[in-house]
Amino acid sequence: MKPTARENTLFGMGNPLLDISAVVDKDFLDKFGLKPNDQILAEDKHKALFDEIVKRNKVEYHAGGSTQNSVKIAQWMIQKPHKVATFFGCIGADNFGEILKKKAEECHVDAHYYEQNEEPTGTCAACITGDNRSLVANLAAANCYKKEKHLDLDSNWELVKKAKVYYIAGFFLTVSPESILKVAKHASDNNKIFCMNLSAPFISQFFKEPLMKVMPYVDILFGNETEAATFAKELGFETDDIAEIAKKTQNLPKDNTKRQRVVVFTQGKDDTVATVGEKVTMFPVLDIDQNDIVDTNGAGDAFVGGFLSALVQEHALEECIRAGHYAANVIIRRVGCTFPEKPDFH
């Protein structure tokens, strides 16, 4: 029998965002200068959007942000026990913060937020028009995470020490690289598994230095084909062959030599590429009718969540990838990063 997961086995840290989704009209998009299908960070001209979308429309709230999405999907895949996943991040002491806490609790994630008064809780508005959704993220409080005010506190650090698997999306490099390094070194020193995600091309381009400081501690690196290509370019790999990029990434310097680095690159509907020992292997994704695809936005986070759910139960790499493919396949059939009550994964 494989070990079942126990409480706080999986640790995630990142930018918690309250996802607010609503069906809007074209006038709403025009008013805020939004494209029907886009992902942007909120500028000053978008600040009023968040209140207005809530006032004008029937909205749905979800606990969001890349890392939080992944750990909540891992928890959903595992089902019982609850609170297998711990999550750290920064929110505001406000109404949206209270809703976010409630939503995380509904997903049975053990969220311990650092609450502060300087900035409001981060939000991501999904403005839906027909089959399109325009995402506007306002990181706000998520940017205010402080290592010494939260991660370093004994009660919080105890939760970090309880975990066996750690996952932090690359987005958090823009907020608190020192927090990431502290967690990554702990994992490496104790032969636990530290996972990271390239997250977006801009991370490799503009946050290459903090990314490369963490890389020696990364046991499993995730990314998609676009992120992998940008990473390769920034590091001067001089190849656009995805298998070759995976191999070169695997061979970057590594602190804990007891574990060989695993690199996993997804490519949308094309095969997932992963390093298995010395080889690079292709894993076909599950077939899906294009008409059944509702929204591919949460697919990457979902893949990681599925993967982590199998990883904390100490399954083999192939099984972790299979679980990742399953979770992504479920998520892309639905709007936003949402899921049915129970998984149907065997």
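User: Is N191 buried or exposed, or in between?
Analyst: N191 has 28% relative accessibility, so it counts as partly exposed. Buried means under 20% relative accessible area, exposed means over 50%, and partly exposed is in between, using a 1.4 Å probe and protein chains only. This is a predicted model, where local features need pLDDT of at least 70, side-chain atom pairs count only at pLDDT 80 or more, and totals for chains, interfaces and linings use all residues. Residues are numbered from 1 along each chain as its sequence is written, and side-chain values use heavy atoms, with hydrogens and water left out.

User: Where does N191 lie?
Analyst: N191 is in the loop between α7 (177-189) and β10. Its phi is near 50 degrees, a positive value in a residue other than glycine. Helices (H or I, at least four residues) and strands (E, at least two) are DSSP runs, numbered from the N terminus.

User: What about N8: what is its phi?
Analyst: Phi of N8 is near 60 degrees, again positive in a residue other than glycine. N8 sits in the segment before β1. N8 is buried, with a relative accessible area of 2%.

User: Which residues does the cis peptide bond join?
Analyst: K80 and P81, with omega about -5 degrees. P81 is in the loop between α3 and β5.

User: On to the sheet. What is the strand order?
Analyst: The order is β6-β5-β1-β9-β10-β11-β12-β13-β14. It is an open sheet of nine strands with mixed pairing. Two strands pair if DSSP finds at least two bridges between them. The edge strands are β6 (110-116) and β14 (279-283), each pairing on one side only. Neighbouring strands are turned by 20 degrees against each other on average, direction ignored.

User: Which helices pack on it?
Analyst: Helix α6 (residues 154-162) touches β1 (10-13), β5 (85-92), β6 and β9 (165-169). The direction of α6 makes about 145 degrees with that of β5. Helix α10 (residues 225-234) also packs on the sheet, touching β10 (193-197), β11 (220-224) and β12. The α10 direction makes about 110 degrees with that of β11. Contact means heavy atoms within 4.5 Å. Axes are lines fitted to C-alpha atoms, for helices over the stretch in contact, and angles run from 0 to 180 degrees between N-to-C directions.

User: How do the side chains of β1 point?
Analyst: L10 and G12 point one way, F11 and M13 the other. All are buried.

User: And how many bridges join β1 to β5?
Analyst: Four, and the two strands run parallel. L10 stands opposite A85 in β5. Three bridges join β1 to β9, also parallel. There, F11 has Y166 as its bridge partner.

User: What about β12 and β13: parallel or antiparallel?
Analyst: Strand β12 (residues 262-267) and strand β13 (residues 270-276) pair in the antiparallel sense over three bridges. Q267 stands opposite D270 in β13.

User: Switching to helices. How do α3 and α13 cross?
Analyst: The axes of α3 (residues 66-78) and α13 (residues 317-331) come within 11 Å and cross at roughly 105 degrees. They are therefore roughly perpendicular. Angles of 65 to 115 degrees count that way, under 35 as roughly parallel, over 145 as roughly antiparallel and the rest as oblique.

User: Which residues meet there?
Analyst: I73, W76 and M77 in α3 meet A323, Y326, A327, V330 and I331 in α13.

User: Last one: how many residues of α12 are buried?
Analyst: 12 of the 13, so α12 is largely enclosed by the rest of the structure. Among them are F303, F307 and L311.
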